[in-house]
Amino acid sequence: MEDLKLPIINLNHYNVHFSASSIRKACNECGFFYLVNHGVEKELLAAVFEESRKFFSRPHEQKLRSLSKGGSRGFIPLYAHKLDANSSTSKGDAKESFTIGPLLENGESGDDINIWPREDVFPTWKSTMQDYYGKVQSAGKKLISLIALSLNLEEDFFVKNDAMVSPASFLGLQHYIGELGDTDEEVYGASAHTDFGTLTLLATDGVRGLQVCRDKFAEPKVWEDVPHIDGAFIVNIGDAIERWTNGIFLSNLHRVIPTGQERFSVVFTLDANPDWIIECAETCCSQSSPSRFPPVRFGDFLAQRFKRLHDTAAKQES
């Protein structure tokens with residue numbers, strides 16, 4: 001299988017219009033690209049991976065002390081989720097994860113409070129994750145302003161439309177056990193899925209496994225490996241942006257396959273304010289190409305997508 005050759009976008013390129021043009025081409029052709037010069041120091045990124053490894057190396061009963069209540073924040077055990085609800089595999093994805101939700105100045109947000117590992121065991125966990133969260137969210141906000149520019153909109157489009165006021169961003173630490181399986185049944189670290197929201201910024205530890213399908217409607221599907229580039233984020237467009245651009249930008253399928261090696265990744269989803277209305281951008285529709293989707297509140301859109309996923313999974317299990 002050949003490697004997928006993704007474009008490399010420099011977030012701090014001196015010519016923002018060149019960057020915007022490069023982003024448009026990448027999002028129109030594949031929906032994935034590398035992002036460099038994003039402002040997250042390599043030392044901080046290394047610290048995040050180190051904290052992640054320390055947590056996931058603890059005995060299972062100790063990790064359960066940070067168990068997610070309701071599935072949105074905290075520790076999520078192995079096989080608890082299956083991203084491809086239509087998959088015929090009998091068990092969930094072979095990964096465990098830890099999710100941190102939106103942060104305000106006091107480190108929490110709203111009624112859904114973040115769960116943090118015990119400070120006496122992980123004294124630098126919370127400060128490391130908060131620092132990383134803030135810096136990668138800043139990179140994401142700068143990137144989404146370039147996305148607006150790439151569609152001939154004002155650079156501050158998402159700010160003026162309140163999409164990036166109190167964004168509902170999530171940070172996820174992922175640990176893939178790498179098992180290949182001992183039966184004929186396929187095992188996935190993360191089964192095939194698109195991301196529901198706006199943008200995803202992914203950091204990996206260098207272990208292979210990520211694959212992208214550039215045409216989610218093709219049968220049979222063609223999967224291509226995405227190689228690691230030191231210091232670069234792998235960025236992909238989510239379903240909300242595909243909808244907002246009237247399908248001009250692509251939200252494509254991706255998955256993680258086991259390689260027999262343990263693998264760690266750090267996923268940051270830059271999701272908009274739940275009250276943002278997703279309606280076709282004015283530069284993405286015309287008389288000859290009218291809007292394909294009705295307006296929808298971003299929070300409702302996400303809720304519908306997650307409900308559909310959970311309902312399909314529940315039918316399979318019954």
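**Loops, cores and cavities of the chain**

Pro220 lies in the loop that runs between strands β8 (210-213) and β9 (224-225); helices (H or I, at least four residues) and strands (E, at least two) are DSSP runs, numbered from the N terminus. The peptide bond leading from Glu219 into Pro220 is cis, with omega near -5 degrees. The model is predicted, so that local features need pLDDT of at least 70 and side-chain atom pairs count only at pLDDT 80 or more, while totals for chains, interfaces and linings use all residues. Residues are numbered from 1 along each chain as its sequence is written, and side-chain values use heavy atoms, without hydrogens and water.

The loop between β8 and β9 also holds Phe217. Phe217 has a relative accessibility of 69% and therefore counts as exposed (buried is under 20% relative accessible area, exposed over 50%, partly exposed in between; 1.4 Å probe, protein chains only). From C-alpha to C-alpha, Phe217 lies 9.4 Å from Asn252, a residue 35 positions away in sequence.

Two residues other than glycine have a positive phi: for Asn37 the angle is near 55 degrees, and for Ser166 it is also near 55 degrees. Most residues other than glycine have a negative phi, and most peptide bonds are trans. Asn37 sits in the loop between β2 (32-36) and α2 (42-56), where it is partly exposed at a relative accessible area of 46%. Ser166 belongs to the loop between α5 (157-160) and β5 (170-176) and, at 53% relative accessibility, is exposed.

Seven helices and 14 strands were assigned in the protein chain. Of its 318 residues, 53% are buried. Among contacts (heavy atoms within 4.5 Å) with a separation of 6 or more, 78% join residues 24 or more positions apart. The accessible surface of the chain (Shrake-Rupley method, 1.4 Å probe) comes to about 15,400 Å², and carbon and sulfur atoms account for 50% of it.

The largest nonpolar core contains 66 residues; such a core is a set of buried Ala, Val, Leu, Ile, Met, Phe, Trp, Tyr and Cys residues joined through side-chain atoms within 4.5 Å. Leu35, Tyr132, Phe158, Phe233 and Trp244 have the most contacts inside this core. Helix α4 (residues 125-150) supplies the largest share of the core, 12 residues. Leaving out residues up to four places away in sequence, Leu35 touches Ile9, Leu11, Leu143, Leu201, Gly231, Ala232, Phe233 and Val235. Another core, of 15 residues, lies apart from the largest one and includes Cys30, Phe32, Leu202 and Val226. In soluble globular proteins, nonpolar side chains tend to be buried together.

His254, in strand β11, has a relative accessibility of 7% and is therefore buried. The C-alpha atoms of His254 and Val226, residues 28 positions apart in sequence, are 9.8 Å apart. Beyond four places in sequence, His254 is in contact with several residues, among them Phe32, His193, Asp195, Trp223 and Asn236.

Asn246 is located in the loop between α6 (239-244) and β11 (253-256). Although in a loop, Asn246 is buried, at 6% relative accessibility. Its contacts, apart from neighbours within four places in sequence, are with Cys280, Cys284, Cys285, Ser289, Pro290, Ser291, Arg292 and Phe293. Asn246 and Phe293 are 47 residues apart along the chain, and 7.3 Å separates their C-alpha atoms.

The structure holds two cavities of 30 Å³ or more. A cavity is a set of points, on a 1 Å grid over the protein atoms alone, where a 1.4 Å probe fits but cannot get out, and its lining residues have an atom within 4 Å of a point; points are joined across faces, edges and corners, and the volume is the space filled by probe spheres set on them.

Note on methods. On a 1 Å grid over the protein atoms alone, a cavity is a set of points where a 1.4 Å probe fits but cannot get out, and a pocket is an open set with protein on both sides within 12 Å along at least five of seven lines; lining residues have an atom within 4 Å of a point.
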